Amino acid sequence: MSGRVCIALFLLLASISVCLPQASSDRPSGPPLLYAVAPEFEPLAWIQGGERFPRGATLHVEKNAISKPLLPKFFSSADASVSFDGKRVLFAGKQRTSDHWQVWEMVMPAGAPRQVTDCDDDCVRPIYLPADHLVYARKVKGAFALHIASLSAATERPLQITHTRGNFLPADVLRDGRILFGAAQPLGEGDVPELYTVYTDGSGIESYRCDHGHARYAGRQISSGDIVFSRGGSLYRFTSAVAHEVAVPSPAGIYAGDVLEMVDGSWLASSHAPGERFFALRRWNPASNNSRAQAAKTGVNVVQPVLLAAHPVPNRHPSGLHEWTYANLLCLNAYTSKYKITDGAIASVRLYTQDRLGAARLLGSSTVEKDGSFYLRVPGDQPLKIELLDTAGATLQKELGWFWVRSGEQRICVGCHTGPETAPENIVPAVLLRSTVAADLTAASTSSPGEH
């Protein structure tokens, strides 16, 4: 090839490269961000059945630092949850001021909103579940209960999965398939928010950790498997390596929880400086603690960030419930407890439920074996409380709050108030060596499922 031809070819390629589109800061830098904007935000109002957004809220979608309302014709919208394929959004919304909150779904980016629930009171905080289902909080007789519903089968009746008094609010769906939710501690009695888990059929209810006493709420699971949550305005985490909460080093501020882990590993959370009033979104790198403002609006709160992007589908939990009206409860060793109980001191166990006014009502009692084991048949889908007695009939320990066992559930407890990190001994409990028939404590139960 001659020199003139080489020069001509070079000039031609150079001219083509000038015409090609150049990289620009205006090009999309990541998936869109959804968040709620509200003039007033009360993150713990739900624990008394109250309104978290007393003056309404508006979902915004932000892309390349440009933010606009997602549903300009709605009076209020909040609680966005993105489907696992990143193509749909669930949210709680009110079309008019006088409406109750209902659950809606919208195909992104510009589909028409479709009403999912038709509640006679507020339905809020929807979260996608596998197999085209969702969990949400439905107000029943002034209190929020958790419900599971289908998004595709209109004839499928919603399933209530909480069965004690009090208020419940979904927080996240964990990768193992359990629902992470907030409720008062002690369950059904207290006023301090705590984090609990339950399977999608309502079985296996337990607190995530047993070091109670702190106001823990708005938890989310991050890619490491840890649960990051707000504890009285500071950020903490649960990690599988330890049985107690761990403080998260973070920029100074008061945090609302609902931490969002971004694609690059940075975190996004709503916070405000001590003494200030309104939450804004800040983004920071947990490794370096460097932070910057992401979204702030004068005179309003910016909360509940979620990415409009695909994310992993949690495991599906195959239900093991039997078609019974009762449940079986096996305690392997009541002496295995965070409480100190003298060996041989426990003689019997009492079981209580609640009457229609919330007062404790005795269901019956049963013997506790020398190794601390007992086996009970209990009413399903009702509040329950256990009390341990000595040989004189005096109380050794009793639960401060309530729990439930689903109808058809076979629940095995390692001990009485043991942490989830505690493994059982590899022995057959004495109660099963004596008999494999549970002591029946259901005869005094007259309440029907779903009353509490």
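Which strand gives the most to the lining of the largest cavity? In this predicted model, the answer is β12, with three residues.

**Close-up 1. The cavity found in the predicted model.** Searching the whole structure turns up one cavity of 30 Å³ or more. The volume of the largest cavity is about 180 Å³. Its lining is made up of 17 residues, and P43, R125, L169, A218 and D258 are the closest to the centre.

**Close-up 2. Strands and residue classes in the lining of the largest cavity.** At least two lining residues come from each of β12 (168-173), β16 (216-221) and β25 (301-307). β12 makes the greatest contribution, three residues. Sorted by class, the lining holds eleven nonpolar residues, three polar ones and three charged ones.

**Close-up 3. The disulfide between C119 and C123.** One disulfide is found when the whole structure is searched. The sulfur atoms of C119 and C123 lie 1.9 Å apart and form this bond. The torsion about the S-S bond is about -90°, so the disulfide is left-handed. Both C119 and C123 are buried.

**Close-up 4. C210 and its closest cysteine sulfur.** The closest cysteine sulfur to that of C210 belongs to C413. The two are 11 Å apart, which is too far for a bond, because a disulfide needs sulfur atoms within 2.5 Å. C210 has a relative accessible area of 15% and is therefore buried, the cut-off being under 20%.

**Close-up 5. C331, a buried cysteine.** The relative accessibility of C331 is 3%, so this residue counts as buried.

Terms used
Residues are numbered from 1 along each chain as its sequence is written. This is a predicted model: local features need pLDDT of at least 70, side-chain atom pairs count only at pLDDT 80 or more; totals for chains, interfaces and linings use all residues. Side-chain values use heavy atoms; hydrogens and water are left out. On a 1 Å grid over the protein atoms alone, a cavity is a set of points where a 1.4 Å probe fits but cannot get out, and a pocket is an open set with protein on both sides within 12 Å along at least five of seven lines; lining residues have an atom within 4 Å of a point. Grid points are joined across faces, edges and corners, and a volume is the space filled by probe spheres set on the points. Helices (H or I, at least four residues) and strands (E, at least two) are DSSP runs, numbered from the N terminus. Ala, Val, Leu, Ile, Met, Phe, Trp, Tyr, Cys and Pro count as nonpolar, Asp, Glu, Lys and Arg as charged, and the others, Gly among them, as polar. Buried means under 20% relative accessible area, exposed over 50%, partly exposed in between (1.4 Å probe, protein chains only).
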